[in-house]
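Below is a short report on a structure, written for a reader who works with coordinates.

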There are 2 protein chains.
Amino acid sequence: MIKLDFTGATPFLEVGDLIPEAQVQKAAQDLYTGNGIGSKFTGWVDLPETYDRSEFKRIKSAAAEIKSESDALLVVGIGGSYLGARAAIELLRSPNYNLITKPTPNIYFVGNNLSAKHLSEIMHLLRDKNFSLNVISKSGETTEPAIAFRVLKNMMERRYGDVGARSRTYVTTDKNRGALKQMAEREGFPTFSIPDTIGGRYSVLTAAGLLPMTVAGVDIDRVMAGAYDAMKTYTEEHSMKNPVWQYAAMRQALYRKGKSIEVLACYEPAFRFMAEWWKQLYGESEGKDGGGIFPASVELTADLHSMGQYIQEGARTLMETVVSFDTFRRDIEVPLMAEDLDGLNYLAGRGMEHINAVAKRATMEAHIAGGVPTMELSLPDMDETAFGWLVYFFQLACGISGYIQGVNPFDQPGVEAYKKNMFQMLGKPGY
Amino acid sequence: MIKLDFTGATPFLEVGDLIPEAQVQKAAQDLYTGNGIGSKFTGWVDLPETYDRSEFKRIKSAAAEIKSESDALLVVGIGGSYLGARAAIELLRSPNYNLITKPTPNIYFVGNNLSAKHLSEIMHLLRDKNFSLNVISKSGETTEPAIAFRVLKNMMERRYGDVGARSRTYVTTDKNRGALKQMAEREGFPTFSIPDTIGGRYSVLTAAGLLPMTVAGVDIDRVMAGAYDAMKTYTEEHSMKNPVWQYAAMRQALYRKGKSIEVLACYEPAFRFMAEWWKQLYGESEGKDGGGIFPASVELTADLHSMGQYIQEGARTLMETVVSFDTFRRDIEVPLMAEDLDGLNYLAGRGMEHINAVAKRATMEAHIAGGVPTMELSLPDMDETAFGWLVYFFQLACGISGYIQGVNPFDQPGVEAYKKNMFQMLGKPGY
């Protein structure tokens, strides 16, 4: 399903630079057997096999209920409770999802910032729409979503009354603990769970991602089937023939050679938030102890006319990873023009997707020639199956890569620093 | 108007690290007097004073015409012919501009990629809408916009006939030369110009940015007035008291100390594409000769839950520049809840914007304590005047910063590399 081509990276490494297979093997084994650091949070490794089928069914019926009762779904969440669902919906449905005509509700992501301008604008958009709400928070105490939830809960109660508001509120949170869990039990909200063993950035294949995705019309059976096949394929191959091992080992080897920034590139604008999801996954997993590859992303070909100059000739501290999709559903032919003023007739009759693919190849060659080690991950189609595969590929590679780097890829101690300051400044009890 | 606070950066520099005032002075002088490298392209320096008033009037009447004849405007352009207008519209109108009810047409940006999926989706969105088109390209031969223009020109001719299509097509291109200029003369399109002396990434205050902005309801008189005041303020202060000099000198000093990545941060989601515009401006101006600060951006507080961990504890190669707006128009109060399950009652009655401002201060302190030199640019309000100031501030600082670095901040030789490969692979005559 996923082809990894790293021939654009190997010229930048000598044999001695490669991560020894034994080290990659140990990283993978530690991950699978739970002997590695942070292993309390490796529940995502076998999730595609072990996930709760009855909850999966409840996700589908909740989604059906939301579709029948509402024109819009508000998704209240931040970080791992936000980026995965948004990435999936933009990639599999459209970055213009809320603009296109469709049988499914609009989706608005809120509670991922503290901007009153943003929240009030979304509330205004809902003034004449029926809406439901899915609040996603493990603890229920994260400031951004908690504030948004308070504000929107009031709005719902004013509009639908207590009972109506209750019936339109869906909670995704910890199975047993936490403020949101308590509130859900008290008020009888339908509740879905994020397993204790899965951290936010690894949670897109839990209810955190699956409920909003289903409401938007994403086929989550195919997503999970893709993830399952990826799990089987990548956890059963214990050698450097495993593309996950290759990606993890190559990026760590390049990092040791001074390639300290990884640019994730895709030639489809719909991929923008998939890259944001990837940036959280890798940045939060590896950016610690004063090290880690800095994750960045570009949307191509657009950014060839903005970041392209830097990638081609800037500081040679970059590596590039290109994600590409081979099948094109809706192509557009370049029309012939009687007078060839723009000099484009040499392309007449050719499809944009073909030209896009050539642009990709041409750009990869230029970047490699310019001194940027480049890897390419190719998938057949931009669909649910590919999404499931890609998510599992990147998550597994991230765990292994983090272990090779020697960090805990499953914690995020640094996230507390600003919170501690903020709670003190805001006078939160106990700070 | 703009306050620059660099007290969060100075602790990371010793006196000997600072760029000598004489060097900054020379960079500025070279820029103003046209003695610097690339000075053919410094027409933007006095543009707020010298811009063509009659064309400015024509932009307004063209915008009025577009509003009266169309529900949507297609903006065909890439790089500097795309990011500036999009940045302005998202910042000054809304990132949800096409979703909100408004008296102005929807704006769709096309021709900034080669994705058939993207273009066909936009065309589908227009199936039952009247639309006009603004194609923006200096040469008229850039592949992405040229292809989109051919496709959309056909679509318009089918829908409106040759005459109708012609009357709905607005061209922004070189004053005298180029394919698009010729075509415009041949077909009699209303034409607006990008001065020869202004490169794409410095062109947002030309017709390239101003026409789409005006159609979207942005007050370009206030934009230009802001830019003019900024020009007066910043080109007349010849000392290190000049915030533009300070910003340029600080980031170059930090760069020499190994801070090789600059993260631009803002606490308003509407700023996302302003950051993309900034990334092109600095990345394309300074990313050459194997050097340059790598420009990255975060949307806060959202990305505190994704990139926040890296910024706090990752490789200490980062500097951060925060852009903040002090005035809040639409605030939202945190409601009180009888039972304080989420523990948020300590915030009850406080405005989100206040909390957002505290989060910003708390985060800056945490990042500085974590080893990230941090500067803050504060503006009173997120409005047209501030936009004009900000654009001029960043452009002037970029020219000076590039000269301090010792590069030509006005060329982009590296952008040709992938094009050359692509034209060869596509069999373009002459390649």
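Predicted model: local features only at pLDDT ≥ 70, side-chain atom pairs only at ≥ 80, totals over all residues.

Chain B superposes on chain A by a rotation of 180° with 0.0 Å of shift along its axis, at an RMSD of 0.0 Å. That is the relation of a two-fold axis.

Residues are numbered from 1 along each chain as its sequence is written, chains are lettered from A and ligands numbered from 1 in the order written, and side-chain values use heavy atoms, without hydrogens and water.

**Core.** A nonpolar core is a set of buried Ala, Val, Leu, Ile, Met, Phe, Trp, Tyr and Cys residues joined through side-chain atoms within 4.5 Å. Buried means under 20% relative accessible area, exposed over 50%, partly exposed in between (1.4 Å probe, protein chains only). The largest core has 130 residues; A:Leu152, A:Phe294, B:Leu152 and B:Phe294 touch the most other members. Leaving aside neighbours within four places in sequence, B:Leu152 is in contact with B:Leu74, B:Val76, B:Val110, B:Leu119, B:Met123 and B:Leu133. Contact means heavy atoms within 4.5 Å.

**A covered helix.** Helices (H or I, at least four residues) and strands (E, at least two) are DSSP runs, numbered from the N terminus. In helix H8 (residues 207-215) of chain A, nine of nine residues are buried. Just after H8(A), A:Gly217 takes a positive phi of about 95°.

**Aromatic pairs.** The whole structure holds 43 aromatic pairs over all chains. Rings of Phe, Tyr and Trp (its six-membered ring) pair if their centres lie within 6.5 Å; planes under 30 degrees apart count as stacked, over 60 as edge-to-face and the rest as tilted. Two edge-to-face pairs follow.

| Pair | Centre distance | Plane angle |
|---|---|---|
| A:Trp278 and A:Phe394 | 6.5 Å | 65° |
| B:Tyr403 and B:Phe410 | 6.0 Å | 90° |

A:Trp278 lies in helix H11 (residues 272-286) of chain A and A:Phe394 in helix H14 (residues 384-405) of chain A, 116 residues apart. Both A:Trp278 and A:Phe394 are buried. B:Tyr403 counts as buried at 13% relative accessibility, and B:Phe410 at 6%.

Definitions and conventions. Least-squares fit on C-alpha atoms with pLDDT ≥ 70 in both.
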